[in-house]
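Take a brisk walk through this structure.

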Amino acid sequence: MLEGWMLIRDLLHSLISHPSIAGTEEEKNFGIYLHEYTSSLPCWEEVEAWKDGAGRVSILAFRKGLSPSCVLFLGHYDTVGVEDYPEKEMAFDPERAKKWILSAPDVPDEIRQGLEKGQWSAGRGSLDMKAGIAAQFSFVLHHCPPEATLLFLWVPDEEQDSAGARFAFPLLYRFLQRRSLHLKWVIKSDFTHKKGAVYTGSTGKCLLNAYIRTKSGHVADGEKVQNALSLGGKLIWHTAQTAPRGLSLTPLYLDIFSPGYSVQIPFECWIYLNMLFFRKGLKENIEAVKTALSRRFGEDFLHWVEMERKVPAEGSLREKALFAIQKNCDREGIHFFFSPPYYSPISTPEDSPVWRILRRVLRRMRKETRIPWRIYPVYPHISDLSFFQHRDENWEYFIRYCPVQWEPVWEGEIPAVTVLGPYGYGAHSARECVDVMYSLHVLPQLYRNLIERAQREGFL
């Protein structure tokens with residue numbers, strides 16, 4: 001078994017060494033590489049590769065069992081960029097990335113000791129989420145119950161617009177219909193910074209945009225003229241101070257549309273903020289933000305833009321949304337709207353069989369592994385699981401203020417979703433690294449225990 005684990009660690013390092021930065025040719029090449037590797041294994045009934053209009057590949061691997069009820073293991077293979085590394089090549093070399101992290105003086109003791117002992121691996125994608133894909137391969141090759149019917153789907157572009165998932169899910173739905181399969185449970189092997197964490201839901205997300213328009217003027221006019229850039233700064237500060245509890249608003253982008261230096265006061269400004277929500281609905285959160293901002297800027301200066309005619313959602317979604325707003329908003333003020341991507345908050349009911357299965361298996365695993373396994377109701381990051389949500393009370397409110405066409409893609413109903421993936425440190429940073437013993441050895445055993453328990457209880 002240890003030899004098998006070492007081979008899986010070698011696979012992880014191979015996955016890391018093949019770049020797959022979202023939006024690059026490397027992402028396309030990685031999909032081809034992953035499809036070729038998957039197809040070379042004898043454990044599948046069928047392997048399919050689905051290429052989207054951008055040339056990116058989604059891979060579906062099917063393992064036939066005795067029951068038409070099945071579990072889908074979901075993952076993405078794209079990564080964020082590597083500009084934060086001293087050298088690009090270091091990001092894809094686990095040994096060099098490890099040495100660079102160890103050279104830092106403030107690395108936590110657990111991570112430092114794990115890297116020094118070879119129990120942790122480093123590099124871009126090591127945690128998010130190539131270790132998750134490697135854990136899935138470890139499960140299917142060394143721990144998989146022979147009677148289980150399983151699907152594995154790996155998609156690109158999760159780190160940008162989730163175009164991979166939105167393209168692949170309708171094809172997955174048709175595959176299930178063709179095979180007369182019943183999808184009962186989706187397990188996303190995405191990362192966590194909490195060892196032993198299991199999540200039974202995923203947070204919702206959209207982008208809250210503000211297009212600010214004022215009158216133009218000379219810089220010498222100073223405070224006599226409203227400055228769009230100054231208003232943008234105040235808006236960012238006030239949204240951070242007044243966001244209701246349970247709502248996260250993080251500024252991601254600011255543009256004043258200026259090609260260079262100018263003594264003209266900025267009269268246009270575009271901002272969008274990353275908006276995460278779960279416990280409260282989108283409308284309830286936004287109404288609280290509206291009330292707070294109206295007290296600061298005045299109700300007449302704030303405009304929530306509704307457009308009946310939507311712009312087709314092809315190409316650059318956020319820019320198309322802005323252009324539609326600019327064309328239709330020529331008065332002064334702060335014009336609010338939503339832009340994609342939109343992620344629905346999704347959860348598994350606590351009275352579902354999966355919660356019962358998780359509780360029983362994790363109770364046993366705590367004793368066997370001494371790991372503090374714990375169930376949390378919501379994954380604190382976005383995930384492609386959101387696109388499995390067919391009914392969403394927030395949807396009508398989102399499209400009301402979104403000028404871009406953006407439609408749900410899933411046609412079925414999934415009773416249970418879970419995020420259960422590798423544990424590590426520093427996702428999306430140059431210190432990204434992963435606990436390989438936990439992620440590639442313990443985690444696949446947990447997958448097996450969950451599937452076997454679900455079979456015994458008649459859920460699968």
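Thr-214 sits in the loop between strand E9 (204–213) and helix H7 (228–242). Helices (H or I, at least four residues) and strands (E, at least two) are DSSP runs, numbered from the N terminus. This is a predicted model: local features need pLDDT of at least 70, side-chain atom pairs count only at pLDDT 80 or more, and totals for chains, interfaces and linings use all residues. Residues are numbered from 1 along each chain as its sequence is written, and side-chain values use heavy atoms, with hydrogens and water left out.

Is Thr-214 buried or exposed? With a relative accessible area of 5%, Thr-214 is buried (buried is under 20% relative accessible area, exposed over 50%, partly exposed in between; 1.4 Å probe, protein chains only). Its side chain reaches the backbone oxygen of Gln-226 at 3.1 Å. Thr-214 also touches residues including Leu-231, Pro-266 and Phe-267 (contact means heavy atoms within 4.5 Å).

Next, Leu-322 in helix H9 (residues 317–328). Leu-322 counts as buried, because its relative accessibility is 1%. Not counting residues up to four places away in sequence, Leu-322 touches Tyr-211, Phe-257, Trp-270 and Phe-337.

Now the sheet. It is open, with three antiparallel strands in the order E4-E18-E17 (two strands pair if DSSP finds at least two bridges between them). Strands E4 (120–122) and E17 (424–425) stand at the edges with a single partner strand each, so one side of each has no neighbour in the sheet. Three bridges join E4 to strand E18 (residues 433–435). Ala-122 stands opposite Cys-433 in E18.

Terms used
Polar contact = N/O pair within 3.5 Å; in protein donor to acceptor, adjacent residues only side chain to side chain.
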